[in-house]
Amino acid sequence: MDEESLTSAWHAGTLASIVFRADWRADEEERQAEVDLWVRLHNDHKIDLLSAIDPTYLQSIPGHQFFGAQHLLNDAIPRLQAPLGDMVRAVGALVQAGGSDLAAGSPNIAFQQWCANDTERGAGVVRWAEALDAQAIGVLPYAIVGCHLIEDAVRLMRSIDSALRTAAIVGIGRVKPITEEMAAELIQNLYQVLDDSNDVNVLINSILSALQISKEASGFGSEIISRMISKCAQLDLPEYQLGYTKILWIFGSQLTDGDIAILLGNLQSISPEHRGIVDQLDYALADFLRQGRTSTAIAHLAKVLTNNDIPLAVFDSTRGQLLSGPKDTHKQVVVSWLASGPYQLCEAAGSLLHQHGDMDMHFDVTEQAKSLTTPEQLYLGRHAVGYLVIRPIAATSIILSVLRVCNIDTAEALTSLLFFPLLVNYGGTVDEVLRNLPADDLARPHAELALAESEKYVEGLKRTSNIRELEPPETHRQLENNRFYQEMRSAHKDAMSKSVFFNLVSRSIVLHGNKTLSYRQNEHGGIQSFEMELKSHATSVEWPRLSAIDPIGFDYLIRVLRREGLQE
């Protein structure tokens, strides 16, 4: 874009359409040259770049188009000569238009740099904020940081206005550099302000700022911060909980075990509807696992899952860290949750096992089963069948793990589970696992007993003559096949509608043939054809037989195995 086009657009009132145009993905050098032109023309008073940032106009711009232009404006803002009011208004409009996107607040950093270029700008923000101007209060933390206005911030954080006080506290926490002497004074001031207030924003932001100052001063002031955190005891309202999870997530590595216990104590009952709280707690627990605070993370995760009926899938980062960390960790979690936990934890164990790799896989937990009591070993085996019924290899391998370390009575009970319901339902996969056990495997004798019972069962079925009443008529078979087809087709369509890939590619359906023929434009502007040979792809899964033969009885059996209590 040249100088004449920009000046003409400004006089015509269409400058915003140029600044926020769709083709912002130009070459980096071209983008930088255009930003330089914006700045020069604005500072020469030939255009008013900030006038293009109109809140009403920004509402009509698609997200990717807006953030592309925002990135360029962030580069321009620190270099602009503009009245304080115009700049504060423009930055506020950009931040508001960004919504909840992580990049929404980036114009504030540009404003911070703008203030740093002239300390009088920061002083002006302070004066406006003291007059309780809402926009000035919104950018006050960045003015404090940009102009290093520590004395003003200390004074303002004692204001009677909650928003002004909170903004000053936030600004203090971001000022750099910090010496130990400054850290001691600022943390003490934050502690005094906190001690005089019950405001949730003051409480949380005072702790956050104190922790940030302590971090910059190599951990100085941790004892005072622990006293600040102790003020959080028994404050478990959602507005407090959001702050606690933020403290744990950002500064968890700085906190003592006592600090963490206080904060987590107020996070045992959380609502799954408060996704901000849940997500930040998820990030914090995942960090605890990375830091080696494994028992703390797992214990609290178990309490949250049990108390709030929240599925493990919601804690995606924590689940991923469990699976990517030491193998013994997720094995111990699965065993302990299946062995003695309520149904929420058993379902979570099944979910964790499913996400570990393939749909069904061997899961040797012999070492983990050794530490269980006799009732827990039996409970582990029965729950493995109940909650892993469609993962027969995993369920079988868990039972085999227990059989290697349990007593005779428990072994007899679990051997019967290998026969029924596992071998009765899965004559292929389970049978193969049991027959392939090494001769020196301690579970081999029990597997042979189960296989012998299975062979008797199969022979009994073969001796039974055909019973016509058990054979559904052809019309019923067709109806069931059609129902199953429609159900799978609906599930397939639903999955396609949610796939990000189908929004990026074109799709065609090949009815016959073993290859496709497509056309594309070549570098010379002509049309070029290319073929793609089609290959076969198939997958299979063994489904429990009794789900078709005796669905009601099978469902009742699984419910019993899932909901029975631990017998001491």
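I'll start with the surface. Val500, Phe501, Phe502, Leu504 and Val505 form a nonpolar patch there, and together they have about 560 Å² of accessible area. Keep in mind that this is a predicted model.

Where is Phe502 found? Phe502 sits in the loop between helix H28, which covers 474-497, and strand E1. Its relative accessibility is 36%, so Phe502 counts as partly exposed. For that label, the value has to lie between the limit for buried, under 20%, and the limit for exposed, over 50%.

Strand E1 takes in residues 515-521, and strand E2 takes in residues 527-533. In which sense do E1 and E2 pair? The pairing is antiparallel, and it runs over 7 bridges. To pick out one of them, Arg520 has Gln528 in E2 as its bridge partner. The two strands form a hairpin, with 5 residues between E1 and E2. In the turn, Gly525 has a positive phi of about 90 degrees.

Next, the cysteines. A disulfide is a covalent bond between the sulfur atoms of two cysteines. How many disulfides does the structure hold? The number is 0. Cys115 shows the reasoning. Its closest cysteine sulfur is in Cys147, at 5.1 Å, which is too far for a bond. The cut-off used here is 2.5 Å. Cys115 has 0% relative accessibility, so Cys115 counts as buried. Cys232 also has a relative accessible area of 0%, and therefore Cys232 is buried.

Is Gln241 buried or exposed? Gln241 is buried, because its relative accessible area is 2%. Leaving out residues up to four places away in sequence, Gln241 touches Asp236, Asn266, Leu267, Ser269, Ile270 and Ile277.

The other is Thr366, in helix H22, residues 366-370. Thr366 has 13% relative accessibility, so Thr366 counts as buried. Which residues is Thr366 in contact with, once neighbours within four places in sequence are set aside? They are Ser401, Arg404 and Val405.

Notes. Residues numbered from 1 in each chain as written. Predicted model: local features only at pLDDT ≥ 70, side-chain atom pairs only at ≥ 80, totals over all residues. Heavy atoms only, no water. Pairing = 2+ DSSP bridges. Helix = DSSP H or I, 4+ residues; strand = E, 2+ residues; numbered from the N terminus. Patch = residues over 30% accessible without salt bridge, like charges linked within 9 Å, V, L, I, M, F, W, Y side chains within 5 Å. Areas by Shrake-Rupley, 256 points an atom, 1.4 Å probe, with all protein chains shown as cover. Salt bridge = Lys/Arg side-chain N within 4 Å of Asp/Glu carboxyl O. Buried < 20%, exposed > 50% of the residue type's maximum accessible area, 1.4 Å probe, protein only. Contact = heavy atoms within 4.5 Å.
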